[in-house]
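Here's a quick briefing to read alongside the model.

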Amino acid sequence: MRSQGPGPFITSEVLRAPDGTEVRWRSRSHRKQRRVKTGAPEPTWWRPRTRGWWMSVLFSVGALCFLMAAVAAQWESSPKPAIGVTFFVGSIFFTSAAYLQYSETVNVDHTLTPDAKRARWRPASWEPRRIDWLASSVQLMGTVFFNISTFAAMKHGLTTKQTNTRVWGPDALGSICFLIASELAYAEVCHRWVCLRRRSLSWVIVALNMTG
């Protein structure tokens with residue numbers, strides 16, 4: 001019946017069901033929904049059976065590694081090889097989380113029927129007309145650039161030219177990827193390129209991600 005979204009992307013639709021009722025579909029909400037099994041509710045901080053929990057844990061551990069390495073780098077006495085290894089390990093956590101995020105997007109249920117048969121898991125797809133697919137793909141690409149830069153930074157004896165080429169070059173590309181992915185994720189929540197929704201948890205998440 002109606003659709004909404006930034007530019008050429010559709011992030012929200014109002015559909016009419018066969019019984020005449022209206023159904024509102026939103027891209028992020030549909031992707032993030034989780035079928036809760038009957039029984040005792042899972043604790044808030046421990047949900048290892050859910051993909052979202054692992055994504056958040058891996059991103060958090062990766063960020064902690066970057067924080068620790070950045071703080072340690074402020075002291076001249078800190079061992080440089082250990083700092084480089086910590087940055088590289090953090091980038092691996094980032095890439096693992098980014099692939100889970102990409103996998104979630106690739107394997108999203110394209111039906112609105114809760115009892116529909118789940119399709120076979122797919123490792124990758126090509127769906128550039130979906131804003132969530134673009135966001136997760138670009139972010140995954142950015143984490144790979146950080147894998148390259150942090151791995152190169154672990155090596156000793158790099159000249160200034162080599163450092164610029166192997167470290168700062170991939171770092172810059174990774175940062176650009178993160179900015180693009182953050183804006184796409186932000187627009188998915190807003191259903192347009194810019195909005196202010198401070199009472200929405202989804203908006204706070206993507207806004208903080210963009211700020212970072």
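**Rings, cores and one alanine**

Phenylalanine 88 is partly exposed, with a relative accessible area of 21%; on this scale buried is under 20%, exposed is over 50% and partly exposed is in between, using a 1.4 Å probe and protein chains only. This is a predicted model, so local features need pLDDT of at least 70 and side-chain atom pairs count only at pLDDT 80 or more, while totals for chains, interfaces and linings use all residues. Residues are numbered from 1 along each chain as its sequence is written, and side-chain values use heavy atoms, leaving out hydrogens and water.

**Aromatic pairs**

- Searching the whole structure turns up twelve aromatic pairs; rings of Phe, Tyr and Trp (its six-membered ring) pair if their centres lie within 6.5 Å, with planes under 30 degrees apart called stacked, over 60 edge-to-face and the rest tilted.
- Tryptophan 53 and tryptophan 54 make an edge-to-face pair, at 4.9 Å centre to centre and 90° between the planes.
- Tryptophan 53 is buried at 13% relative accessible area, whereas tryptophan 54 is partly exposed at 39%.
- Phenylalanine 88 and phenylalanine 151 have ring centres 5.6 Å apart and planes at 55°, so this pair is tilted.
- Phenylalanine 88 sits in helix α3 and phenylalanine 151 in helix α4, so their pair ties together parts 63 residues apart in sequence; helices are DSSP runs (H or I, at least four residues), numbered from the N terminus.
- Phenylalanine 151 is partly exposed too, with a relative accessible area of 42%.
- One aromatic cluster is formed by Phe59, Phe66, Phe87, Phe94, Phe146 and Phe178.

**Nonpolar cores**

- Nine residues make up the largest nonpolar core, including Leu58, Phe59, Phe94, Val106 and Trp133; such a core is a set of buried Ala, Val, Leu, Ile, Met, Phe, Trp, Tyr and Cys residues joined through side-chain atoms within 4.5 Å.
- At least two residues of this core come from each of α2 (51–72), α3 (80–106) and α4 (131–154), and α3 gives the most, with five.
- Another core, of eight residues, lies apart from that one, with Ala185, Tyr186, Cys190 and Ala207 among them.

**Alanine 181**

- Helix α5 (residues 160–190) holds alanine 181, which is buried at 3% relative accessibility.
- Leaving aside residues up to four places away in sequence, alanine 181 touches Ala135, Val138 and Gln139; contact means heavy atoms within 4.5 Å.
- Alanine 181 and histidine 191 are ten residues apart along the chain, and their C-alpha atoms are separated by 15 Å.
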